[in-house]
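The entries follow in the order in which I looked them up.

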Amino acid sequence: TVSIPADTSAVGTYTVTVAGVGNYEGSKGSAEYAITKVSQAALTIDPTGSKTYGDAPFTITVAGGSSDGAYSLASSDPSILSLEPGEAAGTWTAAIRKAGKVTLTAGKAEDNNYKPAQCTAELTVDPKALTEGSAALPQGFAPIYSGSAFEPEITVKDGETVLVKDADYTVTYADNINAGQATVTAAGLGNYAGTITMHFTIAPRNLAGEGVALSGRPKQIRY
């Protein structure tokens with residue numbers, strides 16, 4: 001006869017006993033076998049891919065797995081993307097802090113029958129594009145040729161937020177010495193991308209009223 005434990009559905013080590021009957025009565029033997037934990041079904045993280053700096057907070061959901069264990073989610077760089085647990089199990093509110101790339105690591109804890117599960121995904125926060133009309137020259141700026149370069153301080157905004165030069169954008173100037181059209185270019189930096197081009201006019205200098213002096217010739221010429 002063979003004796004098997006009544007309940008062998010859980011993870012553990014079990015003993016099977018064999019007892020002889022008839023011609024083998026009195027003989028007895030046993031063997032052990034183990035039921036081990038198995039891997040869970042695959043986990044998923046949604047959404048992944050890319051977002052843009054300035055996007056509103058959004059929900060990330062972790063799903064899948066097989067155990068009764070809790071879900072978990074971590075960002076490799078909270079200074080780029082921070083996470084707060086949501087009200088529903090397996091959800092997190094993600095807030096964009098700056099442009100960059102993070103690795104999201106999701107998990108589901110083990111239980112009596114399943115091993116812990118884990119998966120990873122990449123999420124990129126792209127810089128926000130500077131838009132035409134978001135930069136302005138100083139009001140009333142109307143330079144007159146002086147022989148020196150003109151480099152007016154411009155203002156660049158993201159909505160109502162004034163951006164910081166050399167942190168959010170750089171500025172370059174061209175054709176900004178002689179009379180004519182000069183060019184100012186703002187280029188996104190860090191959390192911002194793209195360029196904005198503006199122009200201003202350098203007016204010719206009016207010589208009326210200026211003193212005129214000759215040099216290199218005698219002060220008087222006699223015929």
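I take a residue as buried when its relative accessible area is under 20%. Tyr-192, at 6%, is therefore buried. The model I consulted is predicted.

Entry on aromatic pairs. I searched the whole structure and found three aromatic pairs. In one of them, Tyr-53 and Tyr-192, the ring centres are 5.6 Å apart and the planes stand at 75°, so I noted the pair as edge-to-face. This pair links distant parts of the chain, 139 residues apart: Tyr-53 belongs to the loop between strand E5 (49-52) and strand E6 (58-64), and Tyr-192 to strand E18 (residues 192-193).

I then looked up Phe-141 and Phe-150. Their ring centres lie 6.5 Å apart with the planes at 70°, so this pair is also edge-to-face. Phe-141 counts as partly exposed at 30% relative accessibility, whereas Phe-150 counts as buried at 16%. Ring pairs join Phe-141, Phe-150 and Phe-200 into a cluster.

Entry on charges over rings. I found the charged end of Lys-51 over the ring of Phe-58, 4.4 Å from the ring centre. I also noted Lys-108 over the face of Tyr-71, with 4.8 Å to the ring centre.

Entry on the sheet. I recorded an open sheet of three strands, ordered E13-E14-E15, with antiparallel pairing. Strands E13 (135-136) and E15 (161-162) stand at the edges and have a single partner strand each, so one side of each lacks a neighbour in the sheet. E13 is joined to strand E14 (residues 155-158) by two bridges, and Ala-135 stands opposite Val-156 in E14.

Methods. Residues are numbered from 1 along each chain as its sequence is written. This is a predicted model: local features need pLDDT of at least 70, side-chain atom pairs count only at pLDDT 80 or more; totals for chains, interfaces and linings use all residues. Side-chain values use heavy atoms; hydrogens and water are left out. Two strands pair if DSSP finds at least two bridges between them. Helices (H or I, at least four residues) and strands (E, at least two) are DSSP runs, numbered from the N terminus. Rings of Phe, Tyr and Trp (its six-membered ring) pair if their centres lie within 6.5 Å; planes under 30 degrees apart count as stacked, over 60 as edge-to-face and the rest as tilted. Buried means under 20% relative accessible area, exposed over 50%, partly exposed in between (1.4 Å probe, protein chains only). A charge sits over a ring if NZ of Lys or CZ of Arg is within 6 Å of the ring centre and within 35 degrees of the ring normal.
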